[in-house]
Amino acid sequence: MSVFVNQNTQVLIQGITGTQASFHGKRSLDYGTKVVGGVTPGKGGTEHLGLPVFNTVKEAVAATKANASVMFVPARQVVSAVREGAEAELELMVCIADNVPIKDMLEVKAILKGTKTKLIGPNTPGIITPGEARLGIFPENIHKQGRVGIVSRSSTLTYEAVIETNRAGLGQSTVIGLGDDMIIGMDFVDAIQAFNEDDATDVIVMIGQMGGLFEEDAAAYYRKLKQKKKIIGFVAGNTIPVGHHMGYVGEVMANGNISVQDKISAMRDAGIIVVDNINDIHKELAKVIS
Amino acid sequence: MNIHEYQAKHILKSYGIKIPAGKIAYTPLEARKAAIEVSSKGPWVLKAQIQSGGRNQGHFIEKSAGKGTGIRQTSSRREISRLAEEMLGATLVTPQTGKKGKTVTRIYVEAFHKVNRIFYTGLAIDRKNSCITLLLAKLGDKSIREIVAQDPDNILRLHIEPNQKLSSKQISEAASFLEFPPRHLAKLKKYLQGLCKAFVETDALMLEVNPSGIDRHGDIVAIDTKLEIDDKALYRQPKMVPLFDASEVEERELRASKYGFQYESFGGSIGCIVNGDGIALAAMDLIRARGGDTACFLNVKGGVDRDKIASGIKLIMTNPRVEGILINVLGGFLRCNLVADGIIAAASEVGLNVPLVVRFEGTNKDEAKQILEVSHLPVIIAEDMEDSVEKLLAAMEEND
């Protein structure tokens with residue numbers, strides 16, 4: 001088992017004929033991911049990367065039985081791409097695009113409300129279950145199969161966490177990049193819940209960063225869990241001065257809790273092991289596993 | 001993107017919101033003329049236009065700017081050009097500018113608008129609920145910061161779904177929370193709906209009116225306003241783009257953004273080159289924990305253009321504050337060899353006079369290391385982030 005994606009996940013690539021989609025689509029295919037087709041409006045009926053191309057997600061799902069997609073569409077098309085995927089009842093969508101306007105993300109969240117579609121991203125490296133499926137842009141060569149579940153807001157620190165598990169002589173069950181935009185699809189709570197219930201995951205690594213209240217929410221959720229796996233956490237951004245360039249809205253929204261120290265305290269209070277240096281994760285992993 | 005107070009106010013005005021009469025001035029003479037235009041007998045308020053809050057608690061670095069803050073009031077028409085002259089070109093430091101402060105290039109001259117009561121109004125993106133939240137608080141005895149710290153329950157939060165207006169139930173809730181006179185309810189409704197509409201239609205991330213005031217007619221007036229626009233939506237906000245004030249942004253930051261990179265500066269002596277926000281933060285945290293301090297970082301993101309990467313690296317190499325360079329790249333989208341090429345190109349052009357430690361991981365890392373090895377540049381290669389920070393600090397100490 002693993003979370004959200006595995007060798008049976010049937011993947012569509014939205015925007016398949018683009019440059020990045022072609023490059024990463026091929027890498028995902030070579031990795032063994034079950035990519036079953038692609039969507040590019042106007043190019044339906046053609047073939048790309050040896051896969052059938054469709055005009056709409058609906059047609060693609062009807063023909064291929066796809067249940068997930070990775071979107072390589074430009075930021076401006078994200079709202080319509082998500083709407084299509086949700087209407088076609090995809091279970092999982094991964095949005096790679098950077099630069100999606102926040103207002104569009106509010107619309108995306110409203111579209112997804114009440115549907116069974118889960119979104120990862122935007123601005124994410126995606127999700128990878130080593131040896132089974134790669135949806136996104138992960139450098140696949142650093143991943144090893146194993147039993148550590150990783151979830152991170154930052155892309156680059158996702159890789160850092162992966163390397164830490166390797167250093168501990170362990171590997172990863174599934175690695176999820178949540179994306180570090182203001183509004184994201186899946187959050188820490190969704191990921192922790194899934195990892196906690198997953199037979200293939202023994203321990204969770206959670207990488208947070210300054211801004212928002214995602215870590216505080218995760219801590220509150222974890223605290224209430226009855227049966228729980230250990231979480232090793234790290235939060236980046238302690239050096240950045242707390243404050244604001246303009247106005248007080250951020251402070252008001254967060255009830256004044258805007259520092260990384262606030263996040264770390266909330267996590268520690270909930271029983272999460274938080275390291276001060278990301279390169280100490282492998283040491284904590286070794287302790288937890290033994 | 002932040003815009004100036006006077007620009008934000010004029011946007012609000014176009015949404016039917018009342019603002020004090022005001023005019024922008026770039027010279028003392030313009031300030032004097034503006035004053036006469038906005039009010040025949042005053043009093044007037046002269047407001048330094050910088051894109052940071054706390055101007056009224058601020059002070060100027062230059063002695064010639066006098067002891068006053070960035071907001072000055074006068075009833076004497078003759079004083080106006082003197083006050084403007086003091087502030088224009090001077091450097092204003094507020095709790096939100098950092099120590100360096102910001103240069104005042106323009107002054108907004110307003111007719112003083114008397115209000116009887118004030119309240120706080122803020123609109124923000126609510127990450128938790130994926131909606132827009134309107135924040136309201138009664139002001140008077142306490143500032144909004146004090147309310148957040150001491151009395152957070154006395155802030156009303158109203159959620160607004162995207163593409164929706166405030167409901168009449170929410171308006172009544174706001175009115176009773178603010179103890180707003182019922183006979184002026186229609187005015188409150190128009191005001192709040194106007195703010196919400198302005199927020200949505202300008203693709204704002206933050207709109208704050210601190211304070212909003214109620215004048216003797218029962219009209220609500222935006223006394224001070226801050227507006228931040230979502231950079232990612234600027235492509236569909238053509239009216240906002242010209243409002244960008246390059247003087248608010250550092251030269252190197254501007255140049256980096258032209259290459260599609262992010263550049264931020266701090267007070268220390270180490271220049272970081274990274275390929276992501278998270279790794280930038282983690283590297284800076286580690287530098288601090290080991291006793292160093294960051295001067296600046298350059299985030300080349302998923303850069304794919306060799307020349308742009310080299311130009312970005314030059315920005316760090318030529319920064320006079322930088323006494324050591326730390327490069328941490330975790331190649332995914334970005335290929336490490338392009339960064340190695342960039343280091344060599346930049347060093348051959350501007351010279352490498354400070355220790356440089358590089359750590360590559362991910363896509364094409366071995367190729368990148370080899371490129372640096374055969375270049376014979378005095379580059380130190382590190383194995384992980386911690387190792388890179390420690391090696392750099394040691395090399396910098398040796399260099400001292």
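This is a predicted model: local features need pLDDT of at least 70, side-chain atom pairs count only at pLDDT 80 or more; totals for chains, interfaces and linings use all residues.
Chain A gets two domains from its own assignment, domain 1 (11–120) and domain 2 (144–289), and their C-alpha centres sit 27 Å apart. Here are the two separations side by side.

| Domain pair | Distance between C-alpha centres |
|---|---|
| domain 1 of chain A and domain 2 of chain A | 27 Å |

Let's stay with that chain A pair for a moment. Eight residues from domain 1 of chain A and seven residues from domain 2 of chain A make the contact. On the domain 1 side, α4 and β7 (118–120) of chain A each put in at least two residues, and α4(A) gives the most, with four residues. By class, that side of domain 1 of chain A holds six nonpolar residues, no polar ones and two charged.

Now for the contact between the chains. It brings 52 residues of chain A up against 56 residues of chain B. On the chain A side, α4 (102–112), α5 (155–167) and α8 (249–253) each supply at least two residues. The make-up of that side is 26 nonpolar, 17 polar and nine charged residues.

What about the interior? The largest nonpolar core counts 198 residues, and those with the most contacts inside it are Met71(A), Val78(A), Val94(A), Leu195(B) and Ala283(B). Helix α8 (residues 277–289) of chain B provides the largest share of this core, eight residues. There is also a second, separate core of 23 residues, including Ala34(B) and Ile50(B). As background, nonpolar side chains tend to be buried together in soluble globular proteins.

Chain B as a whole has 12 helices and 20 strands. Its C-alpha trace spans about 80 × 50 × 40 Å along the principal axes, and 48% of its 400 residues count as buried. If you take the contacts in chain B with a separation of 6 or more, 71% of them link residues 24 or more positions apart.

Glu228(B) belongs to strand β14 (residues 225–229) of chain B. Is Glu228(B) buried or exposed? Glu228(B) counts as buried because it has 21 C-beta neighbours inside 10 Å. From its C-alpha atom to that of Asn154(B), 74 residues away along the chain, the distance is 25 Å.

Finally, a helix in chain A. Helix α1 (residues 19–31) of chain A has 13 residues and runs 18 Å from its first C-alpha to its last, close to the 18 Å expected at 1.5 Å a residue. Its buried residues are Ala21(A), His24(A), Gly25(A) and Ser28(A). Those residues cover an arc of only 110° around the axis, so they end up on the same side of α1(A). They pack against β1 (11–14), β2 (35–39) and β9 (133–136) of chain A, whereas the face of α1(A) turned away from the buried side carries the exposed residues Thr19(A) and Asp30(A). Just after α1(A) comes Gly32(A), with a positive phi of about 105°.

Conventions. Residues are numbered from 1 along each chain as its sequence is written. Chains are lettered from A and ligands numbered from 1 in the order in which they are written. The expected span of a helix is 1.5 Å times one less than its number of residues. A residue is buried if 20 or more other C-beta atoms lie within 10 Å of its own, exposed if 12 or fewer, and partly exposed in between; C-beta atoms are placed from the backbone. The arc is that of the directions from the helix axis to the C-beta atoms. Two residues are in contact if their C-beta atoms, placed from the backbone, lie within 7 Å. A nonpolar core is a set of buried Ala, Val, Leu, Ile, Met, Phe, Trp, Tyr and Cys residues joined through C-beta atoms within 7 Å. Ala, Val, Leu, Ile, Met, Phe, Trp, Tyr, Cys and Pro count as nonpolar, Asp, Glu, Lys and Arg as charged, and the others, Gly among them, as polar. Domain bounds come from an automatic or database domain assignment.
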